[in-house]
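Hi everyone, thanks for coming. I'd like to walk you through a structure that may be new to you, so please have a look at it first.

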Amino acid sequence: MQSLVSIIIPTYNRLNIIEVALTSVLNQSYHNWECIIVDDRSTDNSFEKVSEYIEHDKRFSILKRPVNSVKGASSCRNIGLFNAKGDYVVFLDSDDCMINTCLENRILEFENNKNSDFLVFPMGGKNQ
């Protein structure tokens, strides 16, 4: 069975750009993933936009940062990490995108480096 990869995306007021990040997740050649979007209490309709993705693919989920939690991307990543079920974790910013072989390449590297607890990979594809 394929390892589960948890993709964690913190977001705040990214209505106009988060679709690019989510579409890049959908287009992955590696299919055993969950994508946890943690909304930092956006004031635009980001939460609703992400909810549309969840309706079409249950691998997506969204959490709202609790009011009593510290605001910011790091706090949202930690919330996502606490809720992640994956064997591996990938952090993706809501204004980034992944090439379609991103997860597949990372899983292959872990298989080739079984003695490693973590690996660092370059990220690319910043949306403008």
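Let me start with a question: is arginine 59 buried, partly exposed or exposed? Keep in mind while you look that this is a predicted model. The answer is that arginine 59 is partly exposed, with a relative accessible area of 26%. Its side chain meets that of aspartate 57 in a salt bridge, at 2.8 Å from N to O. Aspartate 57, on the other hand, is buried, and its relative accessible area is 13%.

How many salt bridges does the model have? The count comes to seven. Let me show you some of them.

Please find lysine 71, which forms a salt bridge with aspartate 40; the closest N and O atoms are 3.4 Å apart. Where do these two sit? Lysine 71 is in the loop between β3 (60-64) and α3 (73-83), while aspartate 40 is in the loop between β2 (33-39) and α2 (46-56). The pair therefore ties together parts that are 31 residues apart in sequence. Lysine 71 is partly exposed, at 48% relative accessible area, whereas aspartate 40 is buried, at 6%.

Now move to arginine 77, whose salt bridge partner is aspartate 93, with 2.7 Å between the closest N and O atoms. Arginine 77 belongs to helix α3, and aspartate 93 to the loop between β4 (88-91) and α4 (102-112), so this pair joins parts that lie 16 residues apart in sequence. Arginine 77 counts as partly exposed, at 21% relative accessibility. Aspartate 93 is partly exposed too, with a value of 26%.

There is also a network of salt bridges, and it links Glu19, Lys49 and Glu52. That brings us to a pair of helices.

In general, two packed helices are described by the angle between their axes and the distance between the axes. Here, helix α1 (residues 18-26) packs with α2 at an angle of about 20°, and their axes are 10 Å apart. Angles under 35 degrees count as roughly parallel, and α1 and α2 are therefore roughly parallel to each other. Their crossing is right-handed.

Which residues make the contact? From α1 come Ile18, Glu19, Leu22, Thr23 and Leu26, and from α2 come Lys49, Val50 and Tyr53. Sorted by class, the contact of α1 with α2 has five nonpolar residues, one polar and two charged.

Conventions. Residues numbered from 1 in each chain as written. Predicted model: local features only at pLDDT ≥ 70, side-chain atom pairs only at ≥ 80, totals over all residues. Heavy atoms only, no water. Salt bridge = Lys/Arg side-chain N within 4 Å of Asp/Glu carboxyl O. Helix = DSSP H or I, 4+ residues; strand = E, 2+ residues; numbered from the N terminus. Buried < 20%, exposed > 50% of the residue type's maximum accessible area, 1.4 Å probe, protein only. Axes fitted to C-alpha atoms, helices over the stretch in contact; angles between N-to-C directions. Parallel < 35°, antiparallel > 145°, perpendicular 65-115°, else oblique. Left-handed = near helix turned anticlockwise from the far one by under 90°. Contact = heavy atoms within 4.5 Å. Nonpolar A, V, L, I, M, F, W, Y, C, P; charged D, E, K, R; others polar.
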